[in-house]
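This report covers the ligand and metal sites of one model. The sequence and structure come first, followed by the sites in turn.

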Amino acid sequence: MSIDLHAHTAASDGTTPPGELGALAREAGLDVVAITDHDTTAGWARAAAALPPGVSLVRGAEVSCSAEGVSLHLLAYLFDPGEPAFAAARAALRESRRTRAQRMVDSLAAAGTGVTWEQVQDLAGGTVGRPHVAQALLAAGCVPTLADAFTPEWIGTGGRHWAGKLELDVQEAIGLVRAAGGVCVFAHPGASARGRTVSDAAVVAMAGAGLAGLEVDHVDHTEQARSHLRGLAAGLGLLTTGSSDFHGGNKTVALGAHTTSPEVYEALVGQASGVPVVSG
Ligand code: AMP
Ligand code: ZN
Ligand code: FE
Ligand code: FE
């Protein structure tokens, strides 16, 4: 069994149409793929309706959170999308992403880049994110690659044209996901190249709030970070996953680049009760 529990589609800042995720998973030799767009379930129905035989879909989302004043991402799987409290929280996160992207575009327009809100809206087929603003900067010839937009001069965290967005307190978010029947994994906890990461104490608190696992095998983790996270997970009784964090053409990592063991997958599914895994 080959299992990848973290993939983005065009419903957020990936480039693959949700209806093509299943076919791509099959090409990559996966038996299980999770759809985890930022703060939305908008791609679920299209992804579920187009699963090839032999591919199973875990419906999920990657939720914008913070702890200790640091932004972090929480993977939420198999929650009921209609549960009102968590649905309202996701809607608030998306609305804040829209207004903050407008603020970044206003700042970039004032600096004479020629980037417009219409253009960024066209680039975003669903939840808007910094990768869409980065695409507009690339198209305007302001940066040579998408990664070059994530710097202090442009829209890197705290950068000149960056604007912050709403983030849920992670312990509250874990409570919301669990109340909606879902199960939570802390996404790329040790991705220090992207910015600040939270302390081990924050992970201990998350475990206390009902976190199920840590994403350990991830493209943004060094070997040292992985071994530290494995030790932390073992001490706290947390599961450990591996996943690609596939973003289509917006990142270089391939679908299935990292995978999760069948035992961990079964344990995660066993803790969830919101919606079932969909089989192709
Ligand atoms: P946002 O959630 O809108 O603040 O945008 C953050 C997203 O931008 C992350 O989820 C990544 O997909 C992407 N990102 C962050 N840092 C970089 C980087 N250095 N290069 C390319 N993409 C990045
Ligand atoms: Zn993303
Ligand atoms: Fe993430
Ligand atoms: Fe992600």
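## Ligand 1

Ligand 1 is surrounded by 13 residues, the closest being Arg-97, Arg-100, Arg-130, His-247 and Lys-251; a residue is near a molecule if one of its heavy atoms lies within 4 Å of it. The model is predicted: local features need pLDDT of at least 70, side-chain atom pairs count only at pLDDT 80 or more, and totals for chains, interfaces and linings use all residues. Residues are numbered from 1 along each chain as its sequence is written, chains are lettered from A and ligands numbered from 1 in the order in which they are written, and side-chain values use heavy atoms, with hydrogens and water left out.

For Lys-251 the corresponding distance is 3.2 Å, and for His-38 it is 3.5 Å. The protein buries 84% of the 500 Å² that ligand 1 exposes when taken alone, with areas from the Shrake-Rupley method and a 1.4 Å probe.

## Zinc site

The zinc ion (ligand 2) has protein donors at 2.0 to 2.5 Å: Asp-13 (OD), Asp-13 (OD), His-38 (NE2) and His-247 (NE2). Donors are N, O and S atoms within 2.8 Å of the metal (3.2 Å for Na, K and Ca); water is not among the atoms, so sites may look incomplete. Along the chain, the zinc donors have the spacing D-x24-H-x208-H.

Why is the arrangement of the four donor atoms around the zinc ion irregular? The angles they subtend run from 53 to 146 degrees, which makes it so. Four donors count as tetrahedral if all angles lie between 85 and 135 degrees; four count as square planar and six as octahedral if opposite donors are over 155 degrees apart and all others between 65 and 115; anything else is irregular.

## Iron site

Glu-62 (OE), His-73 (ND1) and His-188 (NE2) coordinate the iron ion (ligand 3) at 2.1 to 2.2 Å. These donors follow the spacing E-x10-H-x114-H. The iron ion (ligand 3) and the zinc ion (ligand 2) are 5.5 Å apart.

Asp-13 and His-38 are both buried, meaning under 20% relative accessible area, with exposed over 50% and partly exposed in between (1.4 Å probe, protein chains only).

Definitions and conventions. Polar contact = N/O pair within 3.5 Å; in protein donor to acceptor, adjacent residues only side chain to side chain.
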